[in-house]
Amino acid sequence: MEDCQSIIEEIYNVVKGDNKGDVASYIPELSTIDVNKFGVCLRTTEGKQFAYGDFKTSFSIQSIAKVLSLSLAYSILGEQIFRRVGVEPSGAAFNSLSQLETENGIPRNPLINSGAIVICDILCSALKNPKRELLEFIRSIANSKTIAYCPKIATSEKETGFRNYALINYLKSFGNIENDVDTVIELYFHLCSIKMNCVELSIAFGYLSNKGIQATTDKRILPESGTKRINAIMNLCGFYDEAGEFAYKVGLPGKSGVGGGIAAILPENYSVAIWSPKLNEKGNSYRGMKFLELFTSETQDTIF
Ligand SMILES: NC(=O)CC[C@H](N)C(=O)O
């Protein structure tokens with residue numbers, strides 16, 4: 001890790017000029033972003049930080065937040081949550097409806113939209129004020145009091161979220177949503193709207209690289225076994241129908257979002273957050289994937 005900063009800078013500069021793909025325009029507010037933004041921050045479990053580019057600019061973390069809502073639900077209810085959502089890769093798009101029909105409304109995993117909506121329902125049942133408590137949890141693991149929901153993005157999602165409305169209603173028809181549909185989807189849209197910068201995001205994922213303990217405070221966020229489970233789910237399901245490709249090329253458990261962010265971890269070593277808004281055809285950050293592929297090739301350190 002000695003020359004981590006120079007490796008990051010070197011790879012950043014190689015990848016920078018190769019800015020292919022498109023921003024997610026199905027959520028109109030996301031398409032207003034400057035497509036040249038590119039930031040990275042890596043934090044070791046010992047608290048060293050290596051960062052470069054636009055690492056201080058906040059962006060919409062979108063589906064990366066699904067790992068955090070899953071962690072909160074797991075920390076409250078443990079294994080029980082897996083009665084209502086599976087742990088298998090879907091091999092389908094993040095917003096796919098089709099498997100729900102043959103699988104009786106049990107989403108394949110908690111990191112696709114349907115699974116994350118079920119987790120939001122679980123949080124609505126378990127918490128008094130889910131929106132506030134979820135944000136407090138995220139602020140505490142990211143060690144930042146300023147992290148917030150972005151009302152503009154949440155509204156933009158709501159206005160165009162026809163697929164997510166279809167998913168939640170379909171789930172409800174199978175009896176896999178306990179609460180009022182509007183309350184649950186409101187939490188889901190807010191979850192996806194959370195904005196963070198790469199430093200906050202790498203700190204937030206620190207417990208997953210550190211056997212469940214927050215590196216900055218030594219506080220236990222999850223039991224060690226729960227951390228193993230969430231890392232396994234990220235490894236198999238974090239990149240939707242590109243999860244195999246990410247494992248093959250990068251070799252780290254991670255999670256992407258359509259805002260162009262990726263968070264990934266190397267157990268007992270580091271957590272890393274990357275942001276570059278243009279996405280490949282599977283909805284994952286084009287330069288983010290490239291950067292991590294080159295980074296783990298150069299450092300030769302992966303979970304495999
Ligand atoms: N993959 C993603 O980041 C998708 C999240 C987005 N908010 C949606 O529900 O469609």
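Colleague: Why is Asn104 called exposed?

Modeller: Asn104 has 9 other C-beta atoms within 10 Å. A residue is buried if 20 or more other C-beta atoms lie within 10 Å of its own, exposed if 12 or fewer, and partly exposed in between, with C-beta atoms placed from the backbone. A count of 9 therefore puts Asn104 among the exposed residues. This is a predicted model, in which local features need pLDDT of at least 70, side-chain atom pairs count only at pLDDT 80 or more, and totals for chains, interfaces and linings use all residues. Residues are numbered from 1 along each chain as its sequence is written.

Colleague: Where is Asn104, and what is its phi?

Modeller: Asn104 sits in the loop between α3 (98–102) and α4. Its phi is positive, about 55°, although Asn104 is not a glycine. The names come from DSSP runs, numbered from the N terminus: helices are H or I runs of at least four residues, and strands are E runs of at least two.

Colleague: How do you know whether Gln62 is buried or exposed?

Modeller: Gln62 has 26 C-beta neighbours inside 10 Å, so this residue counts as buried. Gln62 lies in the loop between β3 (59–60) and α2 (65–77). Its phi is also positive, near 45°, in a residue other than glycine.

Colleague: Which residues does the annotation "binding site" cover?

Modeller: The unreviewed UniProt entry lists Ser63, Asn113, Glu157, Asn164, Tyr188, Tyr240 and Val258. UniProt positions are given in the numbering used here, feature names are shortened, and annotations may be inferred rather than shown by experiment.

Colleague: Why is Asn113 called buried?

Modeller: Asn113 has 23 other C-beta atoms within 10 Å, so the buried class applies. Asn113 belongs to helix α4 (residues 113–126).

Colleague: What is Asn113 in contact with, leaving aside its neighbours within four places in sequence?

Modeller: Asn113 is in contact with Phe94, Asn95, Asn164 and Leu167. Contact here requires the C-beta atoms of two residues, placed from the backbone, to lie within 7 Å.

Colleague: What makes Tyr188 buried, and what does it touch?

Modeller: Tyr188 has 29 C-beta neighbours inside 10 Å and so counts as buried. Tyr188 is in helix α8 (residues 181–193). Not counting residues up to four places away in sequence, Tyr188 touches Ala116, Ile117, Cys120 and Asn164.

Colleague: Why are α4 and α8 called roughly perpendicular to each other?

Modeller: Their axes come within 9 Å and cross at roughly 115°. Axes are lines fitted to C-alpha atoms, for helices over the stretch in contact, and angles run from 0 to 180 degrees between N-to-C directions. Angles under 35 degrees count as roughly parallel, over 145 as roughly antiparallel, 65 to 115 as roughly perpendicular and the rest as oblique. α4 and α8 are therefore roughly perpendicular.

Colleague: At roughly what angle do the axes of α7 and α8 cross?

Modeller: The axes of α7 (residues 162–173) and α8 come within 11 Å and cross at roughly 135°. That makes α7 oblique to α8. The contact is made by Asn164, Tyr165, Ile168, Asn169 and Lys172 of α7 with Val181, Val184, Ile185 and Tyr188 of α8.

Colleague: What makes strand β1 largely enclosed by the rest of the structure?

Modeller: In β1 (residues 39–44), 6 of the 6 residues are buried, so the strand is largely enclosed. Gly39, Cys41 and Arg43 point one way, and Val40, Leu42 and Thr44 the other way.

Colleague: How do you know that β1 pairs with β2 and with β7?

Modeller: Two strands pair if DSSP finds at least two bridges between them. β1 and β2 (residues 49–53) have 5 bridges in the antiparallel sense, and β1 and β7 (residues 270–275) have 6, also antiparallel. One of the bridge partners in β2 is Gln49, for Arg43, while Leu42 stands opposite Val272 in β7.

Colleague: What is the order of the strands in the open sheet, and which stand at the edges?

Modeller: The sheet has 5 strands in the order β2-β1-β7-β6-β5, with antiparallel pairing. β2 and β5 (254–256) each have a single partner strand, so one side of each is left without a neighbour in the sheet and these two stand at the edges. From one strand to the next, the twist averages 5°. Helix α1 (residues 4–16) packs on the sheet, touching β1 and β2, and its direction makes about 20° with that of β2.
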